[in-house]
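Hello,

Here is the structure for you to work with. My notes on it follow below.

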Amino acid sequence: MPVAVFAQPADATTIGSPALWAVTLAALALLLGADFLLTRRPHEVRMREAVTWSVFYLALPVAFGVYLWQAFGTGVAVEFYTGFVVEKSLSIDNLFVFMLLLSAFAVPRIYAQRVLLYGIIGALALRAIFIALGAAVLRSGTWAFLLFGAILIVTAGKVLRDALAGHGQQIDISRMRSVRLLRRLMPVTDDYRGSRLVVRENGRRALTPLALAMVAVFGTDIVFAVDSVPAVYGITEDPFLVFATNAFALLGLRALYFVMQRVLARLRHLNHGLAIILAFIGVKLVLHWAHGIWPRIPEIPTLVSLGVIITVLVTVTFTSMAAGRAPSTVATTSDPPSRRPS
């Protein structure tokens, strides 16, 4: 379809024309459908398969950004790439928690990707809801930028405090509200029954541990959406771009999980970097709000934001690698994500 068809924005605040939304959602459904087919037959994901799909899901946003650049200009493309980098870095934090949940529930490796896929679908649905709510809040007045900025700055402080404290990663599934509620509503089998979520046992329906694991992952999605959506709204006010950055960042998580299983525990400074990024975007939002009231107060350009975010991520990656090579380093799990599952 010609670029001109997609280049007609629905209104002045978004590039998301009905045609562009329709094609984007159709492509998203197609990709998720392909993932369902791939995970229909349970199998242990090999590194070659995981890397291939990870490269594919990284190439997609790059190509989409090129399309945005050609159709809407450099500014829109830079906003998309910046938002994608922010969401991708935050999604890596999601992987820490997913890894702990799969371990806590002792999910067999052959079923791990199905649990992750359901978690990604849940995350997409929740992000869509939060994005719609965020757009409605932004339309109500500029005070929303101050609110989003405050949320990110407070979250950044908690992330940094936990990272500096050096707490070991722990998840107590017996204390998760969603898991406790399910156990009260239905009995749970003692063992896994293949990829089935519900079975009939002693004449009544019962959940399997796989169902509990999926609910727990879904519960973490709610917590992650609270700061992920305001973070990308700090880059762009366009709901379509906010949704697109979230979708592209989440789509590749299933494959990226298996690529980064060994690497994740070595990124001991990731939370320090995420705290800096969240605080930076929070300050950016506060300045944007203040600029609307006092025009003399400067704003932070999106291109500068992209440079700062990439610099922080590269820096914490190198410092984590250097810390890992230090002779005195003892192999431990890395700092915990501050966003706890519910």
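**What was found**

Thr155 is buried, at a relative accessible area of 15% (buried is under 20%, exposed over 50%, partly exposed in between; 1.4 Å probe, protein chains only). This is a predicted model: local features need pLDDT of at least 70, side-chain atom pairs count only at pLDDT 80 or more, and totals for chains, interfaces and linings use all residues. Residues are numbered from 1 along each chain as its sequence is written, and side-chain values use heavy atoms, with hydrogens and water left out.

Thr155 sits in helix α6, residues 143–165 (helices are DSSP runs of H or I, at least four residues, and strands are runs of E, at least two, numbered from the N terminus). A polar atom of the Thr155 side chain is 2.7 Å from the backbone oxygen of Ile151.

**Thr14**

Thr14 is in the loop between α1 (3–6) and α2 (18–40). Thr14 is buried too, at 11% relative accessibility. Its side chain makes a polar contact of 2.5 Å with the side chain of Asp238 (a pair of N or O atoms within 3.5 Å; within protein, one must be able to donate a hydrogen and the other to accept it, and residues adjacent in sequence count only if both atoms are side-chain atoms). A polar atom of the Thr14 side chain also lies 2.9 Å from the backbone nitrogen of Gly16.

**Salt bridge**

How many salt bridges are there? The count is one (a side-chain nitrogen of Lys or Arg within 4 Å of a carboxyl oxygen of Asp or Glu). Glu87 pairs with Arg127, with the closest N and O atoms 3.5 Å apart. Glu87 is in helix α4 and Arg127 in helix α5 (residues 109–139), so the pair ties together parts 40 residues apart in sequence. Glu87 is buried at 2%. Arg127 is buried at 3%.

**Largest pocket**

The largest pocket holds about 470 Å³ of space (a pocket is an open set of points on a 1 Å grid over the protein atoms alone, where a 1.4 Å probe fits, with protein on both sides within 12 Å along at least five of seven lines; lining residues have an atom within 4 Å of a point). Its lining has 23 residues, and Lys88, Ser89, Ile92, Met260 and Leu313 lie nearest the centre. The largest share of the lining, six residues, comes from α13.

**Helix α13**

Phe318 lies in helix α13, residues 302–325. Phe318 is exposed, at 54% relative accessibility.

Best wishes

Note on methods:
Points joined across faces, edges and corners; volume = space filled by probe spheres on them.
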